[in-house]
Amino acid sequence: MAPTNQKVSNHVPDDIVFSIFSKLPLKSANRFTCLGKSWSTLFENPYFINMFYKNIVSKYHSLYHEACLLLNYFESTENQWKLYLLSGERYESKVQMKWPHPFDRNYGYYPNILGSGINDTLCIYDREHDSIIELWNPATGELNSVPQNKARMYYEFEPIFNIHGFGYDHVRDDYKVIQYVVYIGGCEDEWQVAPPGPYWDIYSLRSNSWKKLYVDMPQRYLTSEGSMVYLNGVCHWWGKTYRQPSETFVVSFNLATEVPVTTLFPFDSHGLKRFDRHLTMLNGFVAMIVTYAKTSPSFHISISVLGEPGVEESWIKLFDVGLMSGIDHPIGAGKKGDIFLRKDDGELACLDLSTGVTENIGVKAERFHSQTVIYKKNIIPTGGIRN
């Protein structure tokens, strides 16, 4: 080859860098920002953020079927909680489903659905008494009753059970439920031995038994609908500190290793009129949807995805867009990144982030008398729920 005096440039044009990086997993792309000054602000570039988001929402995920909606609401005229499955391109199909026992009774039970589905199976628990838990497959009718946690009883102290997570341990081919146990009450007898402090228990479907968890991790924010998701062997939930200023964090509990990791959520509510959070799955990512108002009645919505549990800097804000007035609460992400919202009048709406258009879907769900769950079946390669 003939010698040449031409210099070879080491510069890679930004558009090529953007195209390559936007196709990487978030964890990898985020780590590349440490390699140079020009790349350190990659996720602050709106052009790159737009490319990255489009690749996320256009990617096909074989783990998820098309999303449906589960509407759980209290019918006051019948004094009963009812469950409906909404499906179709515009969720026009509405089919009533019969609750499994014991939630099929019209008194005494307040069914709540934790997270989404795994192999079509839902984790249902009594909102008033978390010790009543059922693992139910609506498609087949298969039902596994979780035995009540046999927490030790103490004089004048009552154990309270708070369910935190439901998911699949792919190492042991096992389904697990995580529960927080705390005692309330007291006695006047000064010689009475006080019960132990709060602790964690985990249920194994394979052994059909509970065992104590020796871990230190924050509680789930129990009053929020969207406070727990399961993804790829890990249960994630969000909570917050009650000291001022309040901080929000996400706990990621690995069901195989039974080890938690906590990640601070960096976007706070300081100086805002309204601020509401919802943890969800967005095409293979753990995402936090935040609705907020700087000045009423104008609302905004922001969506951030978590690149690496335990690394606060790996949170990437993909969207921060203005909304019309009347938004009450985010519900979660559907197919292709559509965001479901509940409005102040109880109407459910769908926001298409690619167009910015919000459309009602013709269903009402009052905030304090209903629960709306995005039902992504989350198919995993196992034999399914077993007895």
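Predicted model: local features only at pLDDT ≥ 70, side-chain atom pairs only at ≥ 80, totals over all residues.
Which residue of strand 22 does Ile339 stand opposite? The residue is Leu351. Strand 21 and strand 22 (residues 347–352) run antiparallel and are joined by 4 bridges. These two strands form a hairpin with 3 residues between them, and there Gly346 takes a positive phi near 90 degrees.

Where do the side chains of strand 21 go? In a regular strand, side chains alternate between the two faces of the sheet. You can follow this along strand 21: Ile339, Leu341 and Lys343 point one way, while Phe340 and Arg342 point the other way. Are these residues buried or exposed? All are buried. Buried here means under 20% relative accessible area. Because 5 of the 5 residues of strand 21 (residues 339–343) are buried, the strand is largely enclosed by the rest of the structure.

Next, let's visit another part of the chain. Here you will find an open sheet of 4 strands in the order 12-13-14-15, with antiparallel pairing. Strand 12 (228–231) and strand 15 (259–265) stand at the edges with a single partner strand each, so one side of each has no neighbour in the sheet. From one strand to the next, the twist averages 25 degrees. For strand 15, look across to strand 14 (residues 248–254): the two pair in the antiparallel sense over 7 bridges. Within this sheet, Thr248 has Phe265 of strand 15 as its bridge partner.

Key
Residues numbered from 1 in each chain as written. Heavy atoms only, no water. Buried < 20%, exposed > 50% of the residue type's maximum accessible area, 1.4 Å probe, protein only. Pairing = 2+ DSSP bridges. Axes fitted to C-alpha atoms, helices over the stretch in contact; angles between N-to-C directions.
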